[in-house]
Amino acid sequence: MNEQEQHIDQFLTSSNYHQLSANQQKHAQDILTRFNNQMANDQHLTDTTWTPEAVKAVMVGEFIADPSLTNQFGIAVVPVLRAYQEFLKVDNLAEVVKAMEEQRTKMNECRKAHKTWAQLHGAEEHEEESTPVQDASAKEKVTWTPEKFKDLLANIQQAIKTDPHFSNLELDNVELNYVVQEFLELMVQECAEYPDQWTFSNLQRVLGMMMPLDPHISIKQIHNIVPSAQALFEYMKQNDYIDMDQYKLGLKAIANMQPSEDMLASLNRDERETQLVLSFINSNGIDTDDADVAEAWMDDHKQEVADFMRGLLNPWGEYERKRLIKRQREMQQKQQQQMAVSDHTDPQLKRKKKSLQGIKFSKKARRKLRRR
């Protein structure tokens, strides 16, 4: 028995374990065994040396990819991992727990996606297709550099003009090139993922949430993000830029995305931001139709919501900065106008008040008053 297995056994008899719910206790050993194994294999870390980055990576990797994992398992993961790290009394407990909470939603999205994929295609078909996938992956992987990535973008720009994969789309060549190149650039810039490194959660985040917030994208382009991505995936598979695994992953990411894109396209940009926040709250099991409940949850999770939106808006940081400056200037101008109006009217008000302090009658008028 290695040290980590000893730690798990000790944890299972500890007060930290007994404070967990019945469902969490039921899945605790399986969760910890799987997580420790993946952490060791993928990140080369022991259970006392986890980092926030490593935790986030393992949570959406092979650890959660088994289609047989249930919703009850997914719900139990973060509480069990948190209790385990508390039991081990690690030095960076707060940072690790924060990483778990931030990655919880993505992890469950990945688990559901793997389960849905298995249910749609069945184990038999999956096995049949696994052989060519393995053969394809046996080819030497591309070592990406900025120069090679620029070459890829240039090749795709030319292909959009002539390749049949990009014909029969509603966008013209300029509009289509904007959508396709933005997608590829955001995957690298925001997710550090080149075409043979895509992950399900980041494909969904970039295509379904980040791109619709682009302040320069048109409504027509938002409506056509999904068909443009599908055409790109097919072209890249055909030309060996991605293998069958990446192609399937791309199709899986956009499988049910079109209704969401259409809905976001019907809103203005501020409303899109609001809708994505509501979707994020809803994904955490909160009924957003109940305004009081939703607002209470947001008050308790302000940092989590802020981090979520900051990540989506990060590519448009310069635009957001300019918009903030514009708002600040508008507020300053409004305040200056109010002050100017105030400065202009005060003397008049003072004169009026002064004239009302005492009524002066002429001598003739005073004699008439005395006669009365």
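I looked up Met-209 and found this residue in helix 9, where helices (H or I, at least four residues) and strands (E, at least two) are DSSP runs numbered from the N terminus. The model is predicted, with local features requiring pLDDT of at least 70 and side-chain atom pairs counting only at pLDDT 80 or more, while totals for chains, interfaces and linings use all residues. Residues are numbered from 1 along each chain as its sequence is written, and side-chain values rest on heavy atoms, with hydrogens and water left out.

I then listed what Met-209 touches, not counting residues up to four places away in sequence, and noted Gln-204, Leu-276, Phe-308 and Leu-312, contact being heavy atoms within 4.5 Å. I also checked Met-209 against Arg-272, which is 63 residues away in sequence and 8.9 Å away in space, C-alpha to C-alpha.

Next I turned to Ser-201, which lies in helix 9 as well, the helix that runs over residues 200-210. Ser-201 counts as buried because its relative accessibility is 6%, the classes being buried under 20% relative accessible area, exposed over 50% and partly exposed in between (1.4 Å probe, protein chains only). Apart from neighbours within four places in sequence, I found Ser-201 in contact with Lys-106 and Cys-110.

For the whole protein chain, I noted 18 helices and 0 strands, and buried residues make up 39% of its 372 residues. Of the contacts with a separation of 6 or more, 71% are between residues 24 or more positions apart. The chain exposes about 22,000 Å², of which carbon and sulfur atoms supply 50%, by the Shrake-Rupley method with a 1.4 Å probe; for residues, only the protein chains shown count as cover.
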